[in-house]
Amino acid sequence: MGVVVMDVSTVDEARELDASAYYRHLVDRNKGLVPSDVQRRIHDAKVLVAGCGSVGGAAVQPLTRIGFRDFRLADSGSYELNNLNRQAAFLDDLGKNKATAAAEAVRGINPYADIAVFDTGVTQGNADALVDGVDVIVDGVDVTTNAGFAAKIALHEVALARRKPLITGWDLAGVMCAQYFDYRQVRTIFDGAIDRAELDSLAIWEAVFRIAPMRHMPGSMLFELSKNISDPEYSVPQLPEAAWQFGSLACYMALRVISGKKIPRNVPVDVHWKASTLEERMEHLVKKPLGHVTLLHALGLSRSLISLTPAPSWVGRIIPRRET
């Protein structure tokens, strides 16, 4: 017979447990859905969450609750009031480093968790040390600034060099599109959509559109971007129903990584579509192509070609250049 796990209903009772007993209680309700050998691998796995804001922050608690307990948490940002519409933070967290707050959340679920906090975030200088020895990378690095975009590129480059599986996500109005890059098999970052050599020449939107899953972007976001993309002070709107979906997706995708199972490249969930009427869905299907056209018009022909075509080096692999 298996070990009988008795109910623990008070804080004092829980704190009296040793690490092993506490973990058994924590994951007891996973039984039957998470095989015991997979649960052991989850227990032993090391996870890097790079960026602990909207996307990465949504993944921290579900990963802890499923049983991951060895974390590296990296983020240089601190909470602001406008973050509270979608991020796992509260009024008293304002001004607090996001990685530090994520560590507190992990310890609030499992006080025996092993956590290393990197409040400098991901940089080209520390990316290799952050990735070294981890089993799964969760990429929540913000790409709304040039520094953030460079950090994301550095993270993916090291993941590729060290052959690490990486999960990332994009919250696009009501859509969360989680992406899986198994750099144990994939041989180019972002499927060759961008080269590091281009970073200095690309504007931030041109770079983002290269790597974002554009075909999963809903019409509402396409029209929103079209209206505002020329404003240098523009901040992309983000909603909780999309951002929080990444927690569920990253949790299950990380479990599949640990289990050795295959994962699709793109895993989109459109919350607004799921909760819409048939008439609203038909309207969405009709308007979405117009949204793409409107965005292309807002970008202009030259920027559209730069933004929405792969890196020149990747195109060269698909269409070999003729010798002159």
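User: Which residues of helix 11 are buried?

Analyst: In helix 11 the buried residues are Phe246, Gly247, Leu249, Ala250, Cys251, Met253, Ala254, Leu255, Val257 and Ile258. They are called buried because the term means under 20% relative accessible area, against over 50% for exposed and partly exposed in between (1.4 Å probe, protein chains only). This is a predicted model, in which local features need pLDDT of at least 70 and side-chain atom pairs count only at pLDDT 80 or more, while totals for chains, interfaces and linings use all residues. Residues are numbered from 1 along each chain as its sequence is written, and side-chain values use heavy atoms, with hydrogens and water left out.

User: Why is residues 245-259 called a helix, and what span does helix 11 reach?

Analyst: A helix is a DSSP run of H or I with at least four residues, a strand a run of E with at least two, and both are numbered from the N terminus. Gly260, with a positive phi near 80°, follows helix 11.

User: Why is strand 6 described as largely enclosed?

Analyst: Eight of the eight residues of strand 6 are buried, so the rest of the structure largely encloses it. Both faces are covered, with Val175, Cys177, Gln179 and Phe181 on one side and Met176, Ala178, Tyr180 and Asp182 on the other.

User: How do you know that strand 6 pairs with strand 5 and strand 7?

Analyst: Strands pair if DSSP finds at least two bridges between them. Strand 5 and strand 6 are antiparallel and joined by eight bridges; strand 6 and strand 7 (residues 266-270) are also antiparallel, over five bridges. Both therefore pass the cut-off. Gln179 in strand 6 is the bridge partner of Thr168, and Cys177 stands opposite Pro268 in strand 7. Strand 5 and strand 6 form a hairpin with two residues between them, where Ala173 in the turn has a positive phi of about 55°.

User: What makes a nonpolar core, and which residues have the most contacts inside the largest?

Analyst: A nonpolar core is a set of buried Ala, Val, Leu, Ile, Met, Phe, Trp, Tyr and Cys residues joined through side-chain atoms within 4.5 Å. The largest has 48 residues, and Val122, Phe149, Leu155 and Ile194 have the most contacts inside it. Helix 7 gives the most to this core, with eight residues. Another core, of 40 residues, lies apart and includes Phe246 and Ile258.
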